[in-house]
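A plain walk through the main features will do.

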Amino acid sequence: MAKALNCCLQFWRFVLIIIDAAFVLVGLTLLGLAIYLLVTQADFTFITGTKYASGAVLLLIAGAITVLVAGIGLVGAAGLFTLLLSIYIGIMCFIVILEITAGILGFVYQKQVSTVVQGRFSDAIMEYRNESSRDYRSDVNNFIDFIQKNARCCGYLSSDDWTQTVYYENSSQHYPPSCLCSDQTSGLCTQQSAQTIWTHGCNATLAEYLRGELALLGGIGIAFGVMEMSGIVITIGVCACNVVFQRRKKEMSI
């Protein structure tokens with residue numbers, strides 16, 4: 001019986017170590033991405049209005065927490081430290097509750113989020129500047145360029161939105177590079193001011209793009225949730241097996 005318990009314990013401990021090692025790698029990846037964004041300044045503080053809620057800072061925090069929690073579980077599983085495993089279970093349960101809450105709030109307020117982002121997009125067009133301009137803001141330009149390039153659009157309602165901007169008046173190339181059509185055989189291009197730009201504005205494509213990104217994030221969140229719940233269940237099983245195994249060892253030694 002004791003031998004069977006020991007085999008069971010070792011197997012599930014090994015599985016838990018693999019799961020926690022995977023989480024450590026994910027956390028390190030997030031930290032690396034955050035550092036890249038900080039170095040390149042490729043985050044979107046313009047959306048949130050504060051540098052403390054920028055993409056880079058949020059990734060940095062998420063990565064650090066992931067590495068810390070997974071590290072606790074990894075050390076606890078490797079050494080069968082019941083206290084560390086108990087702490088790990090408690091933290092993981094708290095994180096799962098937060099994720100469920102965030103998912104519910106994201107679903108409830110998804111329309112408001114889309115409205116805010118689209119409103120900020122319209123404001124950003126008016127604040128877009130050349131890099132040589134005294135009023136240049138990297139967060140504004142990064143936000144606009146990212147959306148227009150990935151959503152394959154130009155302006156908010158249409159490319160005419162740019163004709164009212166300081167950038168259009170002061171730049172020899174009236175439209176920013178992200179407006180330029182990269183697929184002239186798609187039928188989505190038009191000629192404006194000697195430039196070939198995307199025909200459509202970003203209002204419709206931005207909403208569709210956001211829905212796609214939210215769906216992707218939701219899928220990633222579900223995958224993480226399944227891994228986290230598996231980690232919690234396996235950790236509880238490892239702790240239970242270890243307690244029973246230690247009791248049996250004491251009983252056999254008496």
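**A walk through the model**

Leaving aside its neighbours within four places in sequence, Gly201 touches Cys153, Cys154, Gly155, Tyr156, Leu157 and Ser158, where contact means heavy atoms within 4.5 Å. This is a predicted model, in which local features need pLDDT of at least 70, side-chain atom pairs count only at pLDDT 80 or more, and totals for chains, interfaces and linings use all residues. Residues are numbered from 1 along each chain as its sequence is written, and side-chain values use heavy atoms, with hydrogens and water left out.

Gly201 sits in the loop between strand 2 (195–198) and helix 8 (202–253). Helices (H or I, at least four residues) and strands (E, at least two) are DSSP runs, numbered from the N terminus. Because its relative accessibility is 8%, Gly201 counts as buried. Buried means under 20% relative accessible area, exposed over 50%, and partly exposed in between, with a 1.4 Å probe and protein chains only. From Gly201 to Cys179 the C-alpha to C-alpha distance is 9.9 Å, and the two are 22 residues apart in sequence.

Another buried residue is Thr66, which has 19% relative accessibility. Thr66 belongs to helix 3 (residues 55–79). Apart from neighbours within four places in sequence, Thr66 is in contact with Phe23, Gly27 and Leu30.

Helix 6 (residues 138–151) comes next. Its 14 residues reach 19 Å from the first C-alpha to the last, close to the 20 Å expected at 1.5 Å a residue; the expected span is 1.5 Å times one less than the number of residues. Buried residues in helix 6 include Asp139, Val140, Phe143 and Ile147. After helix 6 comes Arg152, with a positive phi near 55°.

How many aromatic pairs does a search of the whole structure find? The search finds 7. Rings of Phe, Tyr and Trp (its six-membered ring) pair if their centres lie within 6.5 Å; planes under 30 degrees apart count as stacked, over 60 as edge-to-face and the rest as tilted.

Tyr128 lies in the loop between helix 5 and helix 6, and Tyr167 in helix 7 (residues 166–170), so the pair ties together parts 39 residues apart in sequence. Tyr128 and Tyr167 are both buried. Ring pairs also join Phe121, Phe143 and Tyr156 into a cluster.

Side chains of opposite charge can pair when their charged atoms come close. A search of the whole structure finds 1 salt bridge, that is, a side-chain nitrogen of Lys or Arg within 4 Å of a carboxyl oxygen of Asp or Glu. The partners are Glu127 and Arg137, whose closest N and O atoms are 3.1 Å apart. Glu127 lies in helix 5 and Arg137 in the loop between helix 5 and helix 6, so the pair ties together parts 10 residues apart in sequence. Glu127 is partly exposed, with a relative accessible area of 30%. Arg137 is partly exposed too, at 35%.
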